[in-house]
Amino acid sequence: MSEPTARPSAEEIAEEARRLRRLRTLVDLTAATLYQSDITPSEGVELIVSCRQAAVALFPGREETFDLLYRPRLIRILRERFGDAAPS
């Protein structure tokens with residue numbers, strides 16, 4: 001028989017919600033920067049890598065989640081902007 005799972009406290013829930021809001025803001029700002037700033041494709045990739053590093057700092061061990069949810073969106077923006085010059 002499995003042990004009962006401990007319920008997170010209200011503080012833990014609030015902290016996770018705060019980190020999630022920060023991550024969403026970070027990804028949205030990264031996307032806006034990719035769309036609107038005068039950057040090169042390689043600078044765009046560096047921006048995506050920095051965003052991923054910040055996401056992992058907020059949610060350690062969740063690299064795959066970022067790669068599944070956010071990376072495709074950010075890479076698509078690079079491709080829309082730079083076409084074939086955008087790295088994969």
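Predicted model: local features only at pLDDT ≥ 70, side-chain atom pairs only at ≥ 80, totals over all residues.
## Helix 4 and its packing

G83 follows helix 4 and has a positive phi, near 60 degrees.

Helix 4 covers residues 71–82, which is 12 residues. From first C-alpha to last it reaches 16 Å, close to the 16 Å expected at 1.5 Å a residue.

Which residues of helix 4 are buried? They are L74, I75, I77 and L78. Seen down the axis of helix 4, these buried residues fall within an arc of 150 degrees, so they line one face of the helix. An α-helix has 3.6 residues a turn, so residues three or four places apart point the same way.

| Packing partner of helix 4 | Residues |
|---|---|
| Helix 1 | 10–36 |
| Helix 2 | 41–58 |
| Helix 3 | 63–69 |

Take helix 2. Its axis and that of helix 4 come within 11 Å and cross at roughly 170 degrees. Angles over 145 degrees count as roughly antiparallel, so helix 2 is roughly antiparallel to helix 4. Helix 2 makes the contact with P41, G44, V45, I48 and C51. Helix 4 contributes L74, I75, L78 and F82. By class, this contact has eight nonpolar residues, one polar and no charged.

T30 lies in helix 1. Is T30 buried or exposed? T30 is buried, because its relative accessible area is 5% and buried means under 20%. Leaving aside neighbours within four places in sequence, T30 is in contact with L47, C51 and L74. Two of these residues, C51 and L74, also belong to the contact of helix 2 with helix 4.

Terms used: Residues numbered from 1 in each chain as written. Heavy atoms only, no water. Helix = DSSP H or I, 4+ residues; strand = E, 2+ residues; numbered from the N terminus. Expected span 1.5 Å × (residues − 1). Buried < 20%, exposed > 50% of the residue type's maximum accessible area, 1.4 Å probe, protein only. Arc of directions from axis to C-beta. Contact = heavy atoms within 4.5 Å. Axes fitted to C-alpha atoms, helices over the stretch in contact; angles between N-to-C directions. Parallel < 35°, antiparallel > 145°, perpendicular 65-115°, else oblique. Nonpolar A, V, L, I, M, F, W, Y, C, P; charged D, E, K, R; others polar.
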